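Hello,

Here is the structure I promised to pass on to you. Please open it alongside this email, and then read on for what turned up in it.

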Amino acid sequence: MCLVFVCDEDERVIARQPAPGACPYCGGMVQAMDVESQWRFCFLPLCFKTKRRYYCTFCARRLVVQ
């Protein structure tokens, strides 16, 4: 008998909006994205999280706010 456990993470972008400031690497515009992530275990949703991530629109780097 063999048991197979399937774990999956699904991410989708909810909203995008311009953020204040400029990219420290290239000077491009910064964009804030709200991302919803969902963890599933055997097709059953376990956890929902919404995070705000910042990206440069010119060089596409992910920026970290300190």
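Let's begin with Asp34, which lies in strand S2, residues 29–41. Strands here are DSSP runs of E with at least two residues, helices are runs of H or I with at least four residues, and both are numbered from the N terminus. Before going further, a word on the ground rules: this is a predicted model, in which local features need pLDDT of at least 70 and side-chain atom pairs count only at pLDDT 80 or more, while totals for chains, interfaces and linings use all residues. Residues are numbered from 1 along each chain as its sequence is written, and side-chain values use heavy atoms, with hydrogens and water left out.

Is Asp34 buried or exposed? Asp34 counts as buried, because its relative accessibility is 17% and buried means under 20% relative accessible area (exposed is over 50%, partly exposed is in between, with a 1.4 Å probe and protein chains only). The side chain of Asp34 makes a polar contact with the side chain of Arg52, at 2.9 Å. A polar contact is a pair of N or O atoms within 3.5 Å; within protein, one must be able to donate a hydrogen and the other to accept it, and residues adjacent in sequence count only if both atoms are side-chain atoms. If you set aside neighbours within four places in sequence, Asp34 is in contact (heavy atoms within 4.5 Å) with Arg12, Val13, Ile14, Ala15, Lys51 and Arg52.

Arg53 has its place in strand S3. Arg53 is buried, with a relative accessible area of 13%. Its side chain makes a polar contact with the side chain of Glu11, at 3.3 Å. Beyond the neighbours within four places in sequence, the residues in contact with Arg53 include Glu11, Gln31, Met33 and Arg62.

Ala19 sits in strand S1, residues 7–22, and counts as buried at 14% relative accessibility. Not counting residues up to four places away in sequence, Ala19 touches Val30, Gln31, Ala32 and Tyr54. The C-alpha atoms of Ala19 and Met33 are separated by 9.3 Å, and these residues are 14 apart along the chain.

Ala22 is found in strand S1 too. With the residues up to four places away left out, Ala22 touches Gly27, Gly28 and Val30. Ala22 and Cys56 are 34 residues apart along the chain, and their C-alpha atoms are separated by 8.0 Å.

**The loop between S3 and S4**

Arg61 is found in the loop between strand S3 (44–56) and strand S4 (62–63). Arg61 is partly exposed, with a relative accessible area of 42%. What does the charged end of Arg61 sit over? It sits over the ring of Tyr25, 4.2 Å from the ring's centre. For this, NZ of Lys or CZ of Arg must be within 6 Å of the ring centre and within 35 degrees of the ring normal. Apart from neighbours within four places in sequence, Arg61 is in contact with Tyr25, Tyr54, Tyr55 and Cys56.

Ala60 is in the loop between S3 and S4 as well, and at 58% relative accessibility Ala60 counts as exposed. Ala60 has a positive phi of about 60° although it is not a glycine. Most residues other than glycine have a negative phi.

**The cysteines**

How many disulfides are there? The count comes to zero, with a disulfide taken as a pair of cysteine sulfur atoms within 2.5 Å. Cys23 counts as buried, at 4% relative accessibility. For Cys59, the closest cysteine sulfur is again in Cys56, and the 3.6 Å between them is too far for a bond. Cys59 is partly exposed, with a relative accessible area of 29%.

**The whole protein**

The protein has zero helices and four strands, and from the N terminus on its elements run β-β-β-β. Buried residues make up 20% of its 66 residues. Among contacts between residues at least 6 apart in sequence, 43% join residues at least 24 apart.

Enjoy exploring it!
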